[in-house]
Amino acid sequence: MVLVTGLPEHGAFQLYTLIEADRAAILPEHLSFTQGVILPLAIGASTSALFSQKHGQVMPGVSTPLLGLPYPSFDRSLASSERLLVIYGGSSTVGLTTTQLATASGITVLTIAGSHNFSISQQCGATQVFDHKDPLVVEKTAEAILKSGLDFIGILDTIAIPETYETNLRILDKVGGGHLICSHPPPKQAPINVKVSMIYAVNDAEIPLFNNYVTGALQTGKLKCLPEPIVVGRGLKYIQDALKKLESGVSAGKVVVEL
Ligand SMILES: NC(=O)c1ccc[n+]([C@@H]2O[C@H](COP(=O)([O-])OP(=O)(O)OC[C@H]3O[C@@H](n4cnc5c(N)ncnc54)[C@H](OP(=O)(O)O)[C@@H]3O)[C@@H](O)[C@H]2O)c1
(Lines give C-alpha, C1' and ligand atoms only; values in the text may rest on other atoms or scores of the structure.)
Protein backbone atom coordinates (compact mmCIF):
# COMPACT_ATOMS: atom_id res chain seq x y z
CA MET A 1 0.00 0.00 0.00
CA VAL A 2 2.86 2.39 0.76
CA LEU A 3 3.61 2.43 -2.99
CA VAL A 4 0.29 4.18 -3.51
CA THR A 5 -0.29 6.15 -0.31
CA GLY A 6 3.27 7.05 0.65
CA LEU A 7 2.21 6.73 4.30
CA PRO A 8 4.77 5.08 6.61
CA GLU A 9 2.02 3.19 8.47
CA HIS A 10 1.34 1.29 5.21
CA GLY A 11 5.00 0.30 4.80
CA ALA A 12 7.11 -2.68 5.82
CA PHE A 13 9.99 -3.00 8.32
CA GLN A 14 7.75 -2.50 11.37
CA LEU A 15 5.87 -4.76 13.78
CA TYR A 16 2.39 -3.62 12.77
CA THR A 17 1.40 -2.44 9.30
CA LEU A 18 -1.99 -0.90 8.54
CA ILE A 19 -3.88 -2.61 5.74
CA GLU A 20 -7.47 -2.30 4.52
CA ALA A 21 -9.60 -5.24 5.69
CA ASP A 22 -10.49 -5.91 2.03
CA ARG A 23 -6.84 -6.61 1.28
CA ALA A 24 -6.17 -8.93 4.23
CA ALA A 25 -6.72 -12.59 5.03
CA ILE A 26 -6.83 -14.58 8.24
CA LEU A 27 -3.84 -16.86 8.62
CA PRO A 28 -4.90 -20.34 9.80
CA GLU A 29 -3.21 -21.75 12.90
CA HIS A 30 -0.93 -24.03 10.88
CA LEU A 31 0.72 -21.09 9.10
CA SER A 32 3.17 -18.70 10.75
CA PHE A 33 3.55 -15.04 9.80
CA THR A 34 6.98 -15.98 8.46
CA GLN A 35 5.21 -18.19 5.90
CA GLY A 36 2.22 -15.91 5.37
CA VAL A 37 4.39 -12.93 4.46
CA ILE A 38 5.35 -14.72 1.23
CA LEU A 39 1.98 -14.06 -0.34
CA PRO A 40 0.53 -10.52 -0.17
CA LEU A 41 2.74 -8.80 -2.78
CA ALA A 42 2.67 -11.86 -5.03
CA ILE A 43 -1.14 -12.02 -4.78
CA GLY A 44 -1.35 -8.37 -5.81
CA ALA A 45 0.96 -9.02 -8.77
CA SER A 46 -1.04 -12.12 -9.78
CA THR A 47 -4.43 -10.43 -9.59
CA SER A 48 -3.10 -7.58 -11.71
CA ALA A 49 -1.92 -10.12 -14.29
CA LEU A 50 -5.00 -12.34 -14.33
CA PHE A 51 -8.20 -10.75 -13.16
CA SER A 52 -8.14 -7.01 -13.78
CA GLN A 53 -11.11 -5.67 -15.74
CA LYS A 54 -10.23 -2.00 -15.46
CA HIS A 55 -7.92 -0.11 -17.78
CA GLY A 56 -4.93 1.38 -15.94
CA GLN A 57 -1.47 2.83 -16.54
CA VAL A 58 1.68 2.08 -14.54
CA MET A 59 3.60 4.88 -16.23
CA PRO A 60 3.07 7.01 -19.32
CA GLY A 61 2.49 4.72 -22.30
CA VAL A 62 2.59 1.50 -20.24
CA SER A 63 -0.79 -0.13 -19.56
CA THR A 64 -1.67 -2.65 -16.89
CA PRO A 65 -3.01 -6.02 -18.10
CA LEU A 66 -6.69 -6.32 -18.88
CA LEU A 67 -7.29 -10.06 -19.08
CA GLY A 68 -10.40 -10.15 -16.89
CA LEU A 69 -10.08 -13.92 -16.34
CA PRO A 70 -12.55 -15.65 -14.00
CA TYR A 71 -11.65 -15.68 -10.29
CA PRO A 72 -10.78 -18.97 -8.55
CA SER A 73 -13.69 -20.79 -7.01
CA PHE A 74 -14.18 -23.53 -4.41
CA ASP A 75 -16.87 -24.98 -6.68
CA ARG A 76 -15.55 -28.40 -7.65
CA SER A 77 -17.95 -28.59 -10.57
CA LEU A 78 -16.19 -25.61 -12.17
CA ALA A 79 -15.59 -26.60 -15.76
CA SER A 80 -11.98 -26.38 -16.91
CA SER A 81 -11.47 -23.38 -19.09
CA GLU A 82 -10.20 -23.87 -22.58
CA ARG A 83 -7.41 -21.37 -21.98
CA LEU A 84 -3.68 -21.71 -21.60
CA LEU A 85 -1.18 -19.37 -19.94
CA VAL A 86 2.62 -19.62 -20.03
CA ILE A 87 4.55 -18.28 -17.04
CA TYR A 88 8.24 -17.49 -17.51
CA GLY A 89 9.95 -17.53 -14.11
CA GLY A 90 7.72 -20.34 -12.86
CA SER A 91 9.73 -20.75 -9.62
CA SER A 92 9.59 -17.08 -8.62
CA THR A 93 7.17 -16.05 -5.91
CA VAL A 94 4.99 -14.24 -8.44
CA GLY A 95 5.23 -17.24 -10.77
CA LEU A 96 4.25 -19.81 -8.13
CA THR A 97 1.38 -17.71 -6.81
CA THR A 98 0.04 -16.94 -10.29
CA THR A 99 0.29 -20.62 -11.20
CA GLN A 100 -1.82 -21.49 -8.15
CA LEU A 101 -4.45 -18.81 -8.75
CA ALA A 102 -4.71 -19.40 -12.50
CA THR A 103 -5.09 -23.17 -12.15
CA ALA A 104 -7.68 -22.62 -9.40
CA SER A 105 -9.65 -20.65 -12.02
CA GLY A 106 -9.48 -23.58 -14.43
CA ILE A 107 -6.72 -22.20 -16.63
CA THR A 108 -4.02 -24.57 -17.85
CA VAL A 109 -0.55 -23.30 -16.96
CA LEU A 110 2.80 -24.18 -18.56
CA THR A 111 5.87 -22.71 -16.93
CA ILE A 112 9.52 -22.04 -17.73
CA ALA A 113 11.89 -22.39 -14.75
CA GLY A 114 15.25 -23.77 -13.66
CA SER A 115 15.40 -27.55 -14.10
CA HIS A 116 15.89 -28.01 -10.33
CA ASN A 117 12.55 -26.23 -9.74
CA PHE A 118 10.24 -28.30 -11.94
CA SER A 119 8.63 -30.07 -9.00
CA ILE A 120 7.72 -26.93 -7.02
CA SER A 121 6.12 -25.46 -10.14
CA GLN A 122 4.16 -28.67 -10.73
CA GLN A 123 3.15 -28.72 -7.05
CA CYS A 124 1.48 -25.35 -7.72
CA GLY A 125 -0.43 -26.73 -10.69
CA ALA A 126 1.77 -26.36 -13.78
CA THR A 127 1.01 -29.18 -16.22
CA GLN A 128 4.34 -28.87 -18.05
CA VAL A 129 7.61 -27.14 -17.14
CA PHE A 130 10.44 -26.23 -19.50
CA ASP A 131 14.03 -25.46 -18.52
CA HIS A 132 14.95 -21.83 -19.21
CA LYS A 133 18.54 -22.95 -19.88
CA ASP A 134 17.51 -25.51 -22.52
CA PRO A 135 18.74 -24.21 -25.90
CA LEU A 136 15.49 -25.51 -27.38
CA VAL A 137 13.21 -23.86 -24.81
CA VAL A 138 11.59 -21.63 -27.44
CA GLU A 139 10.82 -24.49 -29.81
CA LYS A 140 9.63 -26.83 -27.03
CA THR A 141 7.34 -24.25 -25.43
CA ALA A 142 5.87 -23.13 -28.75
CA GLU A 143 5.24 -26.74 -29.75
CA ALA A 144 3.48 -27.44 -26.43
CA ILE A 145 1.27 -24.37 -26.88
CA LEU A 146 0.28 -25.34 -30.42
CA LYS A 147 -0.23 -29.02 -29.55
CA SER A 148 -2.44 -28.20 -26.54
CA GLY A 149 -5.31 -27.12 -28.77
CA LEU A 150 -6.24 -24.60 -26.06
CA ASP A 151 -6.98 -20.92 -26.48
CA PHE A 152 -3.57 -19.36 -25.82
CA ILE A 153 -3.68 -16.24 -23.62
CA GLY A 154 -0.01 -15.29 -23.66
CA ILE A 155 3.09 -15.23 -21.47
CA LEU A 156 3.52 -13.73 -18.01
CA ASP A 157 7.21 -12.83 -17.73
CA THR A 158 7.97 -12.55 -14.01
CA ILE A 159 11.69 -12.01 -14.62
CA ALA A 160 11.31 -9.30 -17.27
CA ILE A 161 14.86 -8.63 -18.40
CA PRO A 162 16.17 -8.27 -22.00
CA GLU A 163 17.12 -11.99 -22.29
CA THR A 164 13.71 -13.19 -21.13
CA TYR A 165 11.94 -10.72 -23.42
CA GLU A 166 13.93 -12.08 -26.32
CA THR A 167 12.96 -15.68 -25.51
CA ASN A 168 9.32 -14.82 -24.94
CA LEU A 169 8.99 -12.73 -28.10
CA ARG A 170 10.45 -15.65 -30.07
CA ILE A 171 7.87 -18.01 -28.55
CA LEU A 172 5.07 -15.56 -29.32
CA ASP A 173 6.34 -15.24 -32.89
CA LYS A 174 6.13 -19.00 -33.37
CA VAL A 175 2.56 -19.25 -32.06
CA GLY A 176 1.11 -16.20 -33.83
CA GLY A 177 1.24 -13.63 -31.02
CA GLY A 178 -0.56 -13.09 -27.71
CA HIS A 179 -0.16 -11.08 -24.54
CA LEU A 180 3.26 -10.41 -23.00
CA ILE A 181 2.60 -9.42 -19.40
CA CYS A 182 5.72 -8.15 -17.66
CA SER A 183 6.71 -7.61 -14.05
CA HIS A 184 8.84 -4.63 -15.13
CA PRO A 185 8.49 -2.12 -17.97
CA PRO A 186 7.86 -4.12 -21.15
CA PRO A 187 10.10 -4.11 -24.23
CA LYS A 188 9.78 -0.88 -26.19
CA GLN A 189 9.50 -2.68 -29.52
CA ALA A 190 7.00 -5.50 -29.89
CA PRO A 191 5.37 -6.92 -33.01
CA ILE A 192 1.83 -5.84 -33.82
CA ASN A 193 0.37 -9.21 -32.77
CA VAL A 194 1.89 -8.94 -29.26
CA LYS A 195 0.04 -6.89 -26.67
CA VAL A 196 2.46 -5.78 -23.95
CA SER A 197 1.53 -4.66 -20.45
CA MET A 198 3.04 -4.36 -16.98
CA ILE A 199 1.55 -5.61 -13.74
CA TYR A 200 1.06 -3.33 -10.77
CA ALA A 201 0.75 -5.14 -7.47
CA VAL A 202 -1.49 -2.60 -5.74
CA ASN A 203 -4.78 -2.96 -7.58
CA ASP A 204 -8.46 -3.39 -6.83
CA ALA A 205 -8.68 -6.72 -8.66
CA GLU A 206 -7.26 -8.29 -5.49
CA ILE A 207 -10.25 -7.22 -3.37
CA PRO A 208 -12.75 -9.90 -4.56
CA LEU A 209 -10.00 -12.51 -4.19
CA PHE A 210 -9.24 -11.50 -0.59
CA ASN A 211 -12.96 -11.27 0.25
CA ASN A 212 -14.00 -14.60 -1.26
CA TYR A 213 -11.02 -16.88 -1.60
CA VAL A 214 -7.71 -16.31 0.20
CA THR A 215 -8.68 -17.13 3.81
CA GLY A 216 -10.58 -20.30 2.81
CA ALA A 217 -7.90 -21.39 0.37
CA LEU A 218 -5.18 -21.00 3.01
CA GLN A 219 -7.26 -23.00 5.50
CA THR A 220 -7.83 -25.88 3.09
CA GLY A 221 -4.26 -25.82 1.74
CA LYS A 222 -5.50 -24.99 -1.76
CA LEU A 223 -3.34 -21.87 -1.64
CA LYS A 224 0.18 -22.59 -0.43
CA CYS A 225 2.75 -20.11 0.85
CA LEU A 226 5.47 -20.95 -1.64
CA PRO A 227 8.40 -20.70 -2.13
CA GLU A 228 9.61 -21.47 1.39
CA PRO A 229 10.97 -18.57 3.46
CA ILE A 230 14.73 -18.21 3.91
CA VAL A 231 15.02 -16.51 7.29
CA VAL A 232 18.12 -14.32 7.42
CA GLY A 233 17.73 -13.16 11.02
CA ARG A 234 15.53 -11.41 13.53
CA GLY A 235 15.58 -7.62 13.80
CA LEU A 236 16.00 -4.64 11.50
CA LYS A 237 19.78 -4.99 11.66
CA TYR A 238 19.42 -8.01 9.32
CA ILE A 239 17.82 -6.02 6.48
CA GLN A 240 21.22 -5.30 4.91
CA ASP A 241 22.21 -9.00 5.10
CA ALA A 242 18.88 -9.86 3.50
CA LEU A 243 19.54 -7.47 0.62
CA LYS A 244 23.00 -8.99 0.13
CA LYS A 245 21.44 -12.45 0.08
CA LEU A 246 18.95 -11.31 -2.56
CA GLU A 247 21.71 -9.72 -4.60
CA SER A 248 23.66 -12.97 -4.60
CA GLY A 249 20.64 -14.70 -6.20
CA VAL A 250 17.94 -16.83 -4.65
CA SER A 251 16.30 -19.81 -6.30
CA ALA A 252 12.74 -20.72 -5.28
CA GLY A 253 12.99 -19.10 -1.87
CA LYS A 254 11.79 -15.87 -0.28
CA VAL A 255 14.23 -13.90 1.85
CA VAL A 256 12.55 -12.97 5.13
CA VAL A 257 13.68 -10.91 8.10
CA GLU A 258 11.66 -11.66 11.23
CA LEU A 259 10.89 -8.82 13.62
N1 LIG B 1 5.31 -4.70 -11.03
C2 LIG B 1 4.96 -5.11 -9.81
O3 LIG B 1 3.99 -4.61 -9.21
C4 LIG B 1 5.72 -6.22 -9.16
C5 LIG B 1 5.21 -6.87 -8.02
C6 LIG B 1 5.94 -7.91 -7.46
C7 LIG B 1 7.16 -8.28 -8.01
N8 LIG B 1 7.64 -7.60 -9.09
C9 LIG B 1 8.92 -7.98 -9.71
O10 LIG B 1 8.74 -9.30 -10.19
C11 LIG B 1 9.99 -9.98 -10.17
C12 LIG B 1 9.77 -11.32 -9.51
O13 LIG B 1 9.54 -11.12 -8.11
P14 LIG B 1 9.52 -12.36 -7.15
O15 LIG B 1 9.37 -11.85 -5.77
O16 LIG B 1 8.53 -13.34 -7.67
O17 LIG B 1 11.02 -12.90 -7.40
P18 LIG B 1 11.77 -14.11 -6.72
O19 LIG B 1 10.84 -15.00 -6.00
O20 LIG B 1 12.92 -13.56 -5.95
O21 LIG B 1 12.34 -14.85 -8.04
C22 LIG B 1 13.35 -15.78 -7.91
C23 LIG B 1 13.36 -16.68 -9.15
O24 LIG B 1 13.78 -15.94 -10.28
C25 LIG B 1 14.33 -16.86 -11.20
N26 LIG B 1 15.35 -16.14 -12.01
C27 LIG B 1 16.24 -15.23 -11.59
N28 LIG B 1 16.98 -14.81 -12.63
C29 LIG B 1 16.53 -15.45 -13.73
C30 LIG B 1 16.88 -15.44 -15.12
N31 LIG B 1 17.87 -14.67 -15.59
N32 LIG B 1 16.17 -16.23 -15.98
C33 LIG B 1 15.18 -16.99 -15.52
N34 LIG B 1 14.80 -17.07 -14.22
C35 LIG B 1 15.48 -16.30 -13.35
C36 LIG B 1 14.93 -17.99 -10.41
O37 LIG B 1 14.51 -19.16 -11.08
P38 LIG B 1 15.33 -20.55 -11.10
O39 LIG B 1 16.07 -20.64 -9.80
O40 LIG B 1 14.26 -21.58 -11.26
O41 LIG B 1 16.26 -20.49 -12.25
C42 LIG B 1 14.33 -17.81 -8.99
O43 LIG B 1 13.62 -18.95 -8.54
C44 LIG B 1 10.98 -9.07 -9.42
O45 LIG B 1 11.81 -8.45 -10.38
C46 LIG B 1 10.09 -8.05 -8.73
O47 LIG B 1 10.74 -6.80 -8.61
C48 LIG B 1 6.95 -6.60 -9.69
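Biologist: Which residues of helix 3 meet helix 8?

Modeller: Ile 43, Gly 44 and Thr 47 in helix 3 meet Glu 206, Leu 209 and Val 214 in helix 8. Two residues are in contact if their C-beta atoms, placed from the backbone, lie within 7 Å. Helices (H or I, at least four residues) and strands (E, at least two) are DSSP runs, numbered from the N terminus. By class, this contact of helix 3 with helix 8 has 3 nonpolar, 2 polar and 1 charged residues. Ala, Val, Leu, Ile, Met, Phe, Trp, Tyr, Cys and Pro count as nonpolar, Asp, Glu, Lys and Arg as charged, and the others, Gly among them, as polar. Please keep in mind that this is a predicted model: local features need pLDDT of at least 70, side-chain atom pairs count only at pLDDT 80 or more, and totals for chains, interfaces and linings use all residues. Residues are numbered from 1 along each chain as its sequence is written.

Biologist: At roughly what angle do the axes of helix 3 and helix 8 cross?

Modeller: Two packed helices are described by the angle between their axes and the distance between the axes. Here, the axes of helix 3 (residues 39–50) and helix 8 (residues 206–220) cross at roughly 115° and come within 9 Å. Axes are lines fitted to C-alpha atoms, for helices over the stretch in contact, and angles run from 0 to 180 degrees between N-to-C directions.

Biologist: Is Ser 48 buried or exposed?

Modeller: A residue is buried if 20 or more other C-beta atoms lie within 10 Å of its own, exposed if 12 or fewer, and partly exposed in between, with C-beta atoms placed from the backbone. Ser 48, in helix 3, is buried because 28 other C-beta atoms lie within 10 Å. Leaving aside residues up to four places away in sequence, Ser 48 touches several residues, including Thr 64, Tyr 200 and Ala 205. Ser 48 and Glu 206 are 158 residues apart in sequence, with 7.5 Å from C-alpha to C-alpha.

Biologist: Which residues come nearest to the ligand?

Modeller: Of the 22 residues around the ligand, the nearest are Ser 92, Gly 114, Ser 183, Ala 201 and Ser 251. A residue is near a molecule if its C-beta atom, placed from the backbone, lies within 6 Å of it. This shell divides into 10 nonpolar, 11 polar and 1 charged. Helix 3 and helix 4 (93–104) each supply at least two of its residues.

Biologist: How is the protein chain divided into domains?

Modeller: There are domain 1 (2–38 + 204–254) and domain 2 (40–198), with bounds from an automatic or database domain assignment. The shell around the ligand draws at least three residues from each of them. Taken over C-alpha atoms, 22 Å separate the domain centres. In the contact between them, 16 residues of domain 1 meet 19 residues of domain 2. On the domain 1 side, the largest share, 6 residues, comes from helix 8.

Biologist: What is the backbone like at Pro 227 and Phe 13?

Modeller: Most residues other than glycine have a negative phi, and most peptide bonds are trans. The peptide bond from Leu 226 to Pro 227 is cis, with omega near 5°, and Pro 227 sits in the loop between helix 8 and strand 9 (229–234). Phe 13 has a positive phi, near 60°. Phe 13 is exposed, because 10 other C-beta atoms lie within 10 Å.
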